Amino acid sequence: MAAETVATAAGAAVLMYYIIIRRLAAAKGVDLSKSRSVRWRIARRPVQAPATWLETITTLSETLRFTYSETLGKWPIGDLAFGINYLLRRQGNLQVASTYAGSNSVQLKGPLIIAEMYDLLRLLTLCMYFSKKPFPVFLELAGFSQEDVLIQKPKAGVVWMQLLKPAFTIIHDKNSKQFLLLIRGTHSIKDTLTAATGAVVPFHHSVLHDGWMSNLVLGYAHCGMVAAARWIAKMSSPCLLKVLGEYPDHKIKIVGHSLGGGTAALLTYILREQKELSSSTCVTFAPGMCY
């Protein structure tokens, strides 16, 4: 807790430094508010989680620059506060039924639909437990034991070395014959910084059909989530390949909420590039805009 408090204070100090520098530059007629150079620097760097202190500091600096350029660099703080307040009020008054249950909606019925809804509710509950509860409490509430845990990352360590590395775990769910890869949503300041690293970066991937390459998809995605997805793929792929060899009748399901949901979607594309993992499926709840 003390480390996170110090880190929060340091991040706030750096942000205030950028605000002061920008305002002084504006007073002298120097335009430093353009974000194009910031986007270019982030796009040119390898989109991956930092492995050293130098890479961590560089990533943090670029994230703060990007965040400033997209907020206070474009809008006065009063306008931002007014806009956020307006959106929050509008969101609170949104009537879900009137928006999504129009006259052309079809009510889904039947035991299979009910069973699927219960399964989605269970996965959502697992996401909430994993994101909000300590890991031993999560296992107890979810009905798993330590023996069911294949991977738990990252464990306790230096907070800032975990930037762009959201917590995830792989659980052997024997009842459903699945390996559940759960990715935690925004939970700490390092997760917030991962979400704030929102520059657009290339995200090209191949789509396999029946274990063979079908086509190459060229696209762009959220920088922080791409880096997080690639890190999780690197950490989890050897384990997933091993356990699938031991349990060929099992399936892989990737589940995430919020930041973890966006990362889970990108991770699924990455894992599907491998023939052995091409049948992986993904379920996300309120995923961040990532693609």
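## Helix α10 and Tyr269

Tyr269 sits in helix α10. The model is a predicted one. Between Tyr269 and Ser280 there are 11 residues of sequence separation, and their C-alpha atoms are 8.9 Å apart in space. Tyr269 is partly exposed, at 31% relative accessibility.

How many residues of α10 are buried? The count is 11 of 13, so the helix is mostly covered. Among the buried residues are Gly260, Gly261 and Gly262. Leu259, Leu266, Leu267 and Leu271 are also on the buried list.

The length of α10 can be checked against its residue count. At 1.5 Å a residue, 13 residues should span 18 Å. The end C-alpha atoms of α10 are 18 Å apart, which agrees.

## Strands around β8

Strand β8 covers residues 251-257. Is β8 mostly buried or exposed? It is mostly covered, with 5 of its 7 residues buried.

β8 pairs with strand β3, residues 178-183. The two run parallel and are joined by 6 bridges. One of the bridge pairs is Leu181 with Ile254, the latter in β8. β8 also pairs with strand β9, residues 281-285. That pairing is parallel too, over 5 bridges. Here Gly256 has Thr284 of β9 as its bridge partner.

Together, β8, α10 and β9 make a β-α-β unit, and the unit is right-handed. In a regular strand, side chains alternate between the two faces of the sheet.

## Aromatic pairs

A pair of aromatic rings is described by the distance of the centres and the angle of the planes. The count for this model is 6 aromatic pairs. One of them joins Phe168 and Trp231. Phe168 lies in strand β2 (residues 168-173) and Trp231 in helix α9 (residues 223-246), so the pair ties together parts that are 63 residues apart in sequence. Both partners are covered: Phe168 is buried at 0% relative accessibility, and Trp231 is buried at 11%.

What is the geometry of the Phe203 and Tyr269 rings? The centres are 6.5 Å apart and the planes stand at 75°, so this pair is edge-to-face. Phe203 lies in the loop between β4 (200-202) and β5 (205-209), while Tyr269 is in α10 (residues 259-271). The pair therefore ties together parts 66 residues apart in sequence. Phe203 is buried, at 2% relative accessible area, whereas Tyr269 is partly exposed at 31%. Elsewhere, ring pairs link Phe130, Phe135 and Phe138 into a cluster.

## Helix α9

Helix α9, which holds Trp231, has 24 residues. At 1.5 Å a residue they should span 34 Å. The end C-alpha atoms of α9 are 35 Å apart, which agrees.

Where does α9 kink? The kink lies at Ser236 and is about 45°. The proline Pro238 follows shortly after Ser236.

## Cysteines

A disulfide is a covalent bond between the sulfur atoms of two cysteines. How many disulfides does the whole structure hold? The search finds 0.

Cys127 shows why a bond is ruled out there: the closest cysteine sulfur, in Cys282, is 9.7 Å away, too far for a bond. The cut-off for a disulfide is 2.5 Å between sulfur atoms. Cys127 is buried, at 2% relative accessibility. Cys282 is partly exposed, with 30% relative accessible area.

## Positive phi angles

Most residues other than glycine have a negative phi. Lys177 has a positive phi, near 55°. Lys177 is in the loop between β2 and β3. Its relative accessibility is 43%, so Lys177 counts as partly exposed.

Ala286 is another non-glycine residue with a positive phi, about 45°. Where does Ala286 lie? Ala286 is in the segment after β9. At 58% relative accessibility, Ala286 counts as exposed.

Technical notes:
Residues are numbered from 1 along each chain as its sequence is written. This is a predicted model: local features need pLDDT of at least 70, side-chain atom pairs count only at pLDDT 80 or more; totals for chains, interfaces and linings use all residues. Side-chain values use heavy atoms; hydrogens and water are left out. Rings of Phe, Tyr and Trp (its six-membered ring) pair if their centres lie within 6.5 Å; planes under 30 degrees apart count as stacked, over 60 as edge-to-face and the rest as tilted. Helices (H or I, at least four residues) and strands (E, at least two) are DSSP runs, numbered from the N terminus. Buried means under 20% relative accessible area, exposed over 50%, partly exposed in between (1.4 Å probe, protein chains only). The expected span of a helix is 1.5 Å times one less than its number of residues. The bend at a residue is the angle between axes fitted to the seven residues ending there and the seven starting there. Two strands pair if DSSP finds at least two bridges between them. A crossover is right-handed if, with the strands pointing away from the viewer, the path from the first strand over the helix to the second runs clockwise.
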